[in-house]
Amino acid sequence: MPELLPGVQLNIDCIGCGSEDELHSGNRCWSCILAATVDRLLSPPDNQPPSPTLRAVATALKSMKRANSRMTWIQQPHVTAFLRQLAATPVITHTRIDELPASRTREYVRGLLVEHNALPRRDELSARFSEWSEQALERVTSQKNRDIIRRYIRWHHQRRVNQMGEVTQGTFLRAKQSVTVAIELLNWLTERDTELGEVNQAHLDRWQAEGPTTRGIASRFLDWATRTSLVDPSLKLQPHRRGTSPRLDAAAQAELVHGLSHTTDMSPRDRAAAILVLVFGQQVSDIVQLTLDDVKVTEDLVTVTFGAVEIALTSPLDEPWRELAATPTHDQTAAHPNSNWVFRGGSPGPAHPGLNPHPSIE
């Protein structure tokens, strides 16, 4: 029992767990208060224990190292409201969670359920596209055109997505972009009292000339409309062409590799990813799916395996990978319990390509 002043002792033992720690209220430490709060929020309205599905998440939240920061998150009104909604759900499934209001909190908690094996892992990009497409239909200003876009989504994009083993970030973004530009075209025609079946080349030339070059992406929709006999097959749009970046010469490549190998401005994890992208030309969408099982570190060599392809990293390219192996991080949170992902996101699971891999908790 430490002394507050000479001869005056202060008891900082938690009456709940007995540990000597910073007390929150009622002579209980932050961890005990967090545990009580989690149990209260995740228990059904009839005060029964949390459902088996939620128990794993409850255990994970209560075991957090920094209970005070977790309390700050969980006490936010929108987080508290969502957890109470979830606790009142008799059977928790992905479909049931989809029915709850969309929010970052919903997806974060869904990720916790998946990471703690309370829900099966699913292709989130496929699910996100289905949800996004329903919202996109609301932007179509004509009911007839809304039906056309619904068919375009279902029989072109959604069917392709469903046939893929796992939807890539590129496929997801291209599908969204194609649908968005198709909606813009149909809304433009509606403003001019023109049906899709009445469109002529002059319409398309004018629409494309009046807007940004990305309107050329509508050529994908036009190809589909042609195949489904919705438009004159002779109609054409100038396809959208992405610009190309100049290739680095050998000297510039060598300088880049040297900089990546010795910079102190980047974390080992960022340097490891940058080496795979810039030196070995790997796609970010593939890199974020790497697990520790794909990386082998020996005294002589570091190898990273993508599917059937094994990449050997010799010195100095192996240095950030050796640092990661020696000092693993981001595995002491509820989002990453003993995580096997190399590039862990701020939310449960791997980082998302093109997004900040460490977003702040709400």
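A polar contact is a pair of N or O atoms within 3.5 Å; within protein, one atom must be able to donate a hydrogen and the other to accept it, and residues adjacent in sequence count only if both atoms are side-chain atoms. The structure examined here is a predicted model, in which local features need pLDDT of at least 70, side-chain atom pairs count only at pLDDT 80 or more, and totals for chains, interfaces and linings use all residues. Residues are numbered from 1 along each chain as its sequence is written, and side-chain values use heavy atoms, with hydrogens and water left out.

The side chains of D318 and R322 are joined by a polar contact of 2.8 Å. D318 lies in the loop between β7 (309–313) and α15 (319–326), where helices (H or I, at least four residues) and strands (E, at least two) are DSSP runs numbered from the N terminus. With a relative accessible area of 6%, D318 is buried (under 20%; exposed is over 50% and partly exposed in between, with a 1.4 Å probe and protein chains only). Beyond its neighbours within four places in sequence, D318 is in contact (heavy atoms within 4.5 Å) with V302 and L313.
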